[in-house]
Amino acid sequence: MTKERRVRVRFAPSPTGPLHIGGVRTALYNYLFARQHGGDLIFRIEDTDSTRFVPGAEDYIIEAFRWLGIQFDEGVSFGGNHGPYRQSERREIYKKYVDQLLDEGKAYIAFDTPEELDTKRKEVENFQYDASTRLQMRNSLTLSKEEVDALIADGQQYVVRFKIEPGRDVHVDDLIRGDVSINSSILDDKVLYKSADQLPTYHLANIVDDHLMEVSHVIRGEEWLPSAPLHVLLYEAFGWTDTMPRFAHLPLLLKPVGNGKLSKRDGDKLGFPVFPLEWHDPQTGAVSSGYREQGYLPEAVVNFLALLGWNPGGEQEILSMDELIKLFDLSKCSKSGARFDYVKGIWFNHQYLLRKPAEEWVPAFDQLLREQGIESTPEKEAQVVEMMKLKVIEYTDNEGNKKKRNISFISDLWPLCRFFFVAPETYDKEDKFVRKNWKETSAQEMDELIGVLSALDDKEFTVEGLKDMVEAWCEATGRKPWNAWRVCLVGAGQGPDMYELASFLGKAETIQRMERAIKELK
């Protein structure tokens with residue numbers, strides 16, 4: 001009986017810039033799968049293309065996962081027994097396997113220059129370096145050993161190509177897509193190694209690393225599906241078929257509108273981030289927005305991403321990390337692309353914000369107030385959050401349309417809450433609410449209400465004390481002061497219950513605002 005392999009998966013980004021949100025989803029699915037099966041998640045850095053390396057990208061990626069709560073068990077910056085985990089530090093390891101393929105006649109050395117390849121492309125329509133053309137090229141299959149040795153000794157740059165034999169159906173057993181078959185005749189002899197930098201290409205490095213790091217499952221984006229048959233052939237060439245990982249190719253993340261893959265341009269156009277954290281490009285100085293800096297909660301981002309291309313079944317949408325781990329099933333992933341519904345992402349953030357007690361809003365809300373030059377207390381700030389977190393805000397979308405939505409970010413609070421901390425400075429008599437609710441009798445009514453409020457001492461100036469006193473006055477006089485009173489304290493048609501607002505402001509501030517309104521509007 002074959003011993004069941006321990007589940008070991010990996011996420012292997014390239015440090016060529018910020019981590020795309022599609023990459024975050026791939027890492028999340030690997031994490032969920034590993035945790036569900038009690039396995040390991042490896043963090044590997046693919047930096048074999050030295051020309052595309054961007055300073056700071058690696059640290060950015062690690063920080064993004066730290067913020068999201070996606071934890072790795074081994075890898076770059078995490079340690080482990082299968083290192084080094086940075087591919088640029090594994091040159092000697094890869095060279096050993098390159099030499100093995102060459103010695104066994106499963107790969108060959110090619111000296112064709114870029115100019116020679118361009119010439120051949122012009123001569124041969126749909127040129128591909130494969131079994132039908134390789135003998136027309138300048139490589140170790142057409143040159144003698146002496147010629148090859150002389151060229152290498154002379155410092156000629158070369159690549160090592162994998163020798164793919166045509167006419168064979170290659171099968172990939174995919175956990176999402178089932179049996180995927182492709183004929184080897186349409187595959188080209190991929191470059192596996194470049195003498196210029198003495199580094200392997202993605203194809204060889206990943207196969208060797210996955211084998212040596214005992215990776216049991218390769219869960220990656222659909223864009224890598226065309227490479228899977230080549231990887232199967234490489235496993236066979238090395239004689240590693242018994243340890244070949246199971247493949248799962250995830251559906252693409254699609255544009256919110258239109259056709260094609262989600263891109264940064266879509267986010268710029270529609271006003272949503274496509275990176276987990278804000279990114280400062282060290283080369284251009286350009287700044288790209290991030291989910292963290294826009295006020296998204298990490299657990300909301302995780303929940304949102306988890307359901308893009310996978311559905312556990314049922315009606316429940318709000319799922320904790322533990323629930324996601326318990327329910328995750330690769331076989332329930334969609335084969336077709338997942339539309340990136342960024343509006344749904346905002347909804348998820350709203351839901352998670354509401355589940356947080358007001359006290360947990362306070363640090364970010366306090367920072368927001370300080371940016372406006374306002375200092376308050378945590379107790380006062382928590383009161384405001386509690387009064388306003390269920391309010392609706394009006395906003396203008398990127399196309400200039402006026403819309404409404406629930407408070408979904410702590411930054412939404414400031415426009416709705418300014419009046420708690422800053423008294424109305426002017427009263428816009430052309431404002432629809434002010435014009436409608438400040439009448440000829442309003443100044444007299446407010447003057448009378450000041451008299452009622454003045455009878456309360458500071459300790460009685462509570463929601464209950466205000467309600468008892470003011471409603472008794474209303475019943476005795478027939479007055480209905482609510483909207484005019486709101487004009488005084490807010491200056492507009494917004495805000496919480498008037499008793500809650502007045503109690504929050506306190507007796508002195510409430511009366512002072514009322515007196516000013518009477519003077520300005522009378």
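How many of the nine residues of α9 are buried? Eight are, so this helix is largely enclosed by the rest of the structure. Here are some notes to read beside the model.

1. **Ground rules.** This is a predicted model, in which local features need pLDDT of at least 70 and side-chain atom pairs count only at pLDDT 80 or more, while totals for chains, interfaces and linings use all residues. Residues are numbered from 1 along each chain as its sequence is written, and side-chain values use heavy atoms, with hydrogens and water left out. Helices (H or I, at least four residues) and strands (E, at least two) are DSSP runs, numbered from the N terminus.

2. **Helix α9 and its surroundings.** The buried residues of α9 are P298, A300, V301, V302, N303, F304, L305 and A306; buried means under 20% relative accessible area, exposed over 50%, and partly exposed in between (1.4 Å probe, protein chains only). Those buried residues pack against α1 (21–36), α2 (57–68), α10 (321–327) and α11, where contact means heavy atoms within 4.5 Å.

3. **How α9 meets α11.** The axes of α9 (residues 298–306) and α11 (residues 342–354) come within 9 Å and cross at roughly 135°. That makes α9 oblique to α11. Axes here are lines fitted to C-alpha atoms, for helices over the stretch in contact, and angles run from 0 to 180 degrees between N-to-C directions. Angles under 35 degrees count as roughly parallel, over 145 as roughly antiparallel, 65 to 115 as roughly perpendicular and the rest as oblique. The α9 and α11 crossing is right-handed, meaning that the near helix is turned clockwise from the far one by less than a right angle.

4. **Residues in that contact.** On the α9 side you will find E299, A300, N303 and F304, and on the α11 side Y342, K344, G345, F348, N349 and Y352. They divide into five nonpolar, three polar and two charged. In this scheme Ala, Val, Leu, Ile, Met, Phe, Trp, Tyr, Cys and Pro are nonpolar, Asp, Glu, Lys and Arg are charged, and the others, Gly among them, are polar.

5. **The loop between β3 and α3.** This loop, between β3 (74–75) and α3 (91–103), holds P84, and a cis peptide bond joins G83 and P84, with omega about -5°. S77 is found in the loop between β3 and α3 too. Phi of S77 is near 75°, a positive value in a residue other than glycine, and at 56% relative accessibility S77 counts as exposed.

6. **The open sheet.** Four strands form an open sheet in the order β4-β5-β8-β9, with antiparallel pairing; two strands pair if DSSP finds at least two bridges between them. β4 (107–110) and β9 are the edge strands, each pairing on one side only. Two bridges join β8 to β9, and K194 stands opposite L199 in β9. In the loop between β8 (191–194) and β9 (199–200) sits Q198, which has a positive phi of about 55° although it is not a glycine.

7. **Two buried residues worth a look.** F111, in the loop between β4 and α4 (114–123), is buried, with a relative accessible area of 1%. Leaving aside neighbours within four places in sequence, F111 has contacts including R138, L143, I152 and Y158. D40, in strand β2 (residues 40–43), counts as buried at 12% relative accessibility. Not counting residues up to four places away in sequence, D40 touches R6, V7, R8, V9, A34 and D73.
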